[in-house]
Amino acid sequence: MCNLGSKKKKLNMINIVHDNLPHANVWSPVKEVKRQNFGPIYKKSLPTFLHYGYELAFFDSADNLDSFIYPVLLHEPYIQVRSLIANHNPFGFWSHVSDDVIEGLREKRGWIIIDIYSEPITQHDFDAVINSLNDSSEFPNDRVLINTTSPHFTKHERVFNYPSFLEMGCVVYQKTHNNFSPCPCGPRPGRPSEVEYPHKRFLLLNAHMDYPVAQVFAKYASEYTDMFLDSSNDVYNSPTWRPSKFLELPEALHATDINVVLEAYVDHEVIEYPFITEKTYRNIKYKKPFIIMGNKYSLLSLRKLGYKTFDPLINESYDTLGTSKHRSKEVLKELNRLSQMNNYEWDDLMIQCKPVLEHNYNNLLKRIKQTKDWLEGLKNL
């Protein structure tokens, strides 16, 4: 990762330019997406990292500002990056940015931070975006920074991997009016006031039963009901009805010992790098051991961010296998081994996991602190 913006100073006021209120800058997301980034204090759609521990001043123009950040939320890269790739086009990215912001960027007074915070971007699209942003002859593309969900892309000097919605959404507990927004691990709107589950060794949150990997793990959990608290259900949720196996968070985490995480985009190897979501990061906030049924090298990707995993307490050799089929087999094999532990062995395993859990929680807070230092340092560049 580049050192751009890493100079540390005491955090002061950060100027935020919003020229498209009440909507988000450039791309105004659909209602449900907007709520994911809607903060309880400022009542505006912002990258999640700006909701945590900052004093923000908001302006609808960059005129007369010595420094500013122009935040842009990018939820669906497959669709939205087209305007970045063709940013010089009359209907491209810069056509949505006001002239005073563009002038402020040319004068080196501010930065655009594009937060790719939810869905993955393909390598092909990412390369096309970087290639387009290399041309600053017409617009200040040299003042555009990108924050991504994966360290895979941070070899480029203006690309970063600071915590955002997927990683720190459980820390930033968001409220909108008298209701809760879709926090990655918090209570949902309209939930029961008290929820209790029987204690089980394993948790399986499985809401995508149309995928082969999900079906394999649902079948396995159904054969070991004494071991699993399982949400596998053949029917999708709807706004007015939830399946009988729907599990509430965080109570389901509290009632179990190890979370068997079924990560996103696992089947058919549809993306080229490890993509880690709130499904994994919620365990760090709640200090829960986990096994990730995810992309190849998912655990390695976590370790690159300073987190620890549970080898040799848990056999994690599955992380290096090339296909989801082979990884599934190895994960199930390890679940068999863990299931056969007696209570004494199991309790000892949980005790030995505690140092890793504490380290990971502290590492999350450390990464959030590093984000603050980065944002403050941008004022001087």
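What follows is a working chat about cavities, a pocket, helix contacts and backbone geometry in a predicted model.

Colleague: Which residues are closest to the centre of the largest cavity?

Modeller: Its lining consists of 15 residues, and those closest to the centre are Ser67, Phe68, Ile69, Leu378 and Lys379. As for secondary structure, the elements that give two or more residues to the lining of this largest cavity are the strands β1 (14–17), β3 (68–74) and β4 (110–116).

Colleague: And by class, what has the lining of the largest cavity?

Modeller: The lining of the largest cavity has seven nonpolar residues, together with three polar and five charged ones.

Colleague: Now the second largest cavity; which residues are closest to its centre, and which helix gives the most to its lining?

Modeller: There are 14 lining residues in that case, and Thr148, Thr149, Asn161, Ser164 and Glu167 are the closest to the centre of the second largest cavity. Helix α5, which covers residues 165–168, gives the most to this lining, with three residues. By class, the lining of the second largest cavity has seven nonpolar, five polar and two charged residues.

Colleague: Switching to open space, what volume does the second largest pocket have?

Modeller: The second largest pocket has a volume of about 300 Å³. It is lined by 17 residues, of which His152, Glu272, Tyr273, Pro274 and Tyr297 are the closest to its centre. The lining of this second largest pocket divides into six nonpolar, six polar and five charged residues.

Colleague: On to helix packing: at what angle do α2 and α4 cross?

Modeller: The axes of α2 (residues 77–85) and α4 (residues 123–133) cross at roughly 25 degrees and come within 9 Å. Because angles under 35 degrees count as roughly parallel, α2 is roughly parallel to α4.

Colleague: Is the crossing of α2 and α4 left-handed or right-handed, and which residues meet there?

Modeller: The crossing of α2 and α4 is left-handed. On the α2 side the residues are Tyr78, Val81, Arg82, Leu84 and Ile85, and they meet Asp125, Ala128, Val129, Ser132 and Leu133 in α4. By class, this contact of α2 with α4 has seven nonpolar residues, one polar and two charged.

Colleague: What about α6 and α10, and how do their axes cross?

Modeller: Helix α6 (residues 212–223) and helix α10 (residues 324–339) have axes that come within 11 Å and cross at roughly 20 degrees, and they are therefore roughly parallel to each other. In this pair, α6 passes α10 in a right-handed crossing.

Colleague: Which residues in α6 and α10 meet?

Modeller: From α6, Val213, Val216, Phe217 and Tyr220 meet a set in α10 made up of Ser324, Ser328, Val331, Leu332, Leu335, Asn336 and Ser339. The contact of α6 with α10 divides into seven nonpolar and four polar residues, with no charged ones.

Colleague: Last topic, the backbone; where is a peptide bond cis?

Modeller: The peptide bond from Leu249 to Pro250 is cis, with omega near 10 degrees, and Pro250 sits in the loop between β10 (228–230) and α7 (251–254). The peptide bond from Asp311 to Pro312 is also cis, again with omega near 10 degrees, and Pro312 belongs to the loop between α9 (298–304) and α10. For context, most peptide bonds are trans.

Colleague: Which residue has a positive phi although it is not a glycine?

Modeller: Lys287 has a positive phi of about 55 degrees without being a glycine, and Lys287 lies in the loop between α8 (278–285) and β12 (290–293). In general, most residues other than glycine have a negative phi.

Key. Residues numbered from 1 in each chain as written. Predicted model: local features only at pLDDT ≥ 70, side-chain atom pairs only at ≥ 80, totals over all residues. Heavy atoms only, no water. 1 Å grid on protein atoms, 1.4 Å probe; cavity = no way out; pocket = protein on both sides within 12 Å on 5 of 7 lines; lining within 4 Å. Helix = DSSP H or I, 4+ residues; strand = E, 2+ residues; numbered from the N terminus. Nonpolar A, V, L, I, M, F, W, Y, C, P; charged D, E, K, R; others polar. Axes fitted to C-alpha atoms, helices over the stretch in contact; angles between N-to-C directions. Parallel < 35°, antiparallel > 145°, perpendicular 65-115°, else oblique. Left-handed = near helix turned anticlockwise from the far one by under 90°. Contact = heavy atoms within 4.5 Å. Points joined across faces, edges and corners; volume = space filled by probe spheres on them.
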